[in-house]
Amino acid sequence: MQAISLWLAAAIVILTGWAIVKKYQVNMVLFIAGLLLNIIGVMNGATNFLPKNAIATGLLGFDFFELFRAICRTQIAGVGFIILVSGGFAQYMKDVGASDRFVTVCAKPITLLKNPYLILGLVFIIGHCLGLVITSAAGLAMLLIVTVYPLIIRVGCSSLSAAAVVASVLCVGYAPASGVAVMAAELVHLDPVEYLVSYQLVMAAPVVLVMAITHVIVQRYFDKKDGVHGYVADFAELEAKRKELEKTPLIYACMPVLPLVLLLIFNKMVYKTITMNVATAMFLSWFVCFLVDLLVRREAKKSFDLSFSMFKGMGSILTSTVGLIFVAAFFAKGLQQTGLITYLIDVAKNCGLGVTGTGVVLSAIIGVVTVLTGSGVAAFTSLAHVIPDVAQHLNSNGIAIMLMMHTASEMLRALSPVAGVIIIVAGFAKVSPFAIIKRTAIPCVVGYITMLIIVSAIF
């Protein structure tokens, strides 16, 4: 029976991947797959499958939904709530104009340079650093298009070079701003700030530098090979948008980084007598920003209306990221119940893969799914919940595997012709998505390999 269960579980996993690639609604796909996997687990003898915070209903069929309820409750009370609040704050920053103003300020130093490809590399580095507070790849790309895209072209780079850099800047999603990164930290039992400072930044600093240098080399090569150059085009519309963004008072540029500043100061690594968690920092920053907006705008009704964006954003993130986490955890529970995870771990051990080898294989799987679907969120959340179990069997803390998997889901998005950010940037540059991918492929693959080497060597 055990062998049959494993084959059935493997078939369900393959069908799940196929359905996700075919653009079936991801949440429902994972829920149905999770339900089937848990049923197979029970048929295989896993009778005590309910967690401690769940009570048996008295009917086995109902117990599967009691399991799902218990999982949802656990997630929403923990990492899910942090993601809700982070999403709400991000929405408020967008609606109040603070995110836009923040980008315009950060883009200013670039205008002082004259070398076109040096500017290109600096745009990638600065654009990537903006990911500490702006978590949407498509949203960040649009802001960079308004602020620095015309500059890159005017100094001599081609529109394709500019588009490739803008499309690939967000190659790491950082905690605590990124909900997925917060989930990654929680699953390996780390505080989000500790995950950021002690692990993500240590890994990302050399990776981003290598990718920036690779971009400069690759884009210069393709510009010469294709015989294309920058040109002074009619950027009147973009210039008008940029000037409109700069009308927002300068103090608003400080708002997006306020939660990060609070968390970097009031944590157990710095200020041990006063500590603050992510949700508290977000709520406090939201209220402080509301007071600042109230004083600066001097339109009380407008400021009050904008403040509600916090809760609209929380609702939006519930229907996207948090809902996906619910069903992904249910799916992962099913994988564990069938014994498939334990079997794969044993295979990895027998093959001598160890922690590094397992992390490379899992990150490659996530990378392939990300490229095929255009979204790393579904690929990552589907497998992330099995990391604690994998780490336990490998006698590891799981951090290295988590870093590999999480970073792969972000970094390899720029290789997908169906990724939202690629489609948006390609449309603006008036080229096909494949023309953009041709120029993002080498920097992203080099960055991915560099990441695997650094994580394997350090962690």
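**Second largest pocket**

I looked up the second largest pocket and found about 760 Å³ of space in it. The model is predicted, so I note the rules: local features need pLDDT of at least 70, side-chain atom pairs count only at pLDDT 80 or more, and totals for chains, interfaces and linings use all residues. Residues are numbered from 1 along each chain as its sequence is written, and side-chain values use heavy atoms, with hydrogens and water left out.

A pocket here is an open set of points on a 1 Å grid over the protein atoms alone, where a 1.4 Å probe fits, with protein on both sides within 12 Å along at least five of seven lines; lining residues have an atom within 4 Å of a point. Its volume is the space filled by probe spheres set on the points, which are joined across faces, edges and corners.

I then checked the lining. It has 31 residues, and Val13, Leu344, Leu362, Ile365 and Leu383 are the closest to the pocket centre. α1 (2–21), α16 (309–338), α17 (340–350), α18 (354–373) and α19 (376–384) each give at least two lining residues. Helices are DSSP runs (H or I, at least four residues), numbered from the N terminus. The largest share, eight residues, is from α1. By class I read 27 nonpolar, four polar and no charged residues. Nonpolar means Ala, Val, Leu, Ile, Met, Phe, Trp, Tyr, Cys and Pro; charged means Asp, Glu, Lys and Arg; the others, Gly among them, are polar.

**α18 against α21**

Next I took α18 with α21 (residues 399–411). Their axes come within 8 Å and cross at roughly 20 degrees. Axes are lines fitted to C-alpha atoms over the stretch in contact, and angles run from 0 to 180 degrees between N-to-C directions. The two helices are therefore roughly parallel (under 35 degrees; over 145 is roughly antiparallel). Among the contact residues (heavy atoms within 4.5 Å) I listed Leu362 and Ile366 of α18 and Met404 and Met405 of α21. The contact divides into nine nonpolar, five polar and no charged residues.

**α14 against α15**

α14 (residues 278–297) and α15 (residues 300–307) pack at about 155 degrees, with axes 9 Å apart. They are therefore roughly antiparallel. Trp286, Phe290, Asp293, Leu294 and Arg297 of α14 meet Ala300, Lys302, Ser303, Phe304, Leu306 and Ser307 of α15. I noted six nonpolar, two polar and three charged residues in this contact.

**Backbone checks**

Most residues other than glycine have a negative phi, and most peptide bonds are trans. Arg298, not a glycine, has a positive phi of about 60 degrees. I placed Arg298 in the loop between α14 and α15. The Ala175 to Pro176 bond is cis, with omega near 5 degrees. Pro176 sits in the loop between α9 (159–168) and α10 (179–187).

Note on methods. Angles under 35 degrees count as roughly parallel, over 145 as roughly antiparallel, 65 to 115 as roughly perpendicular and the rest as oblique.
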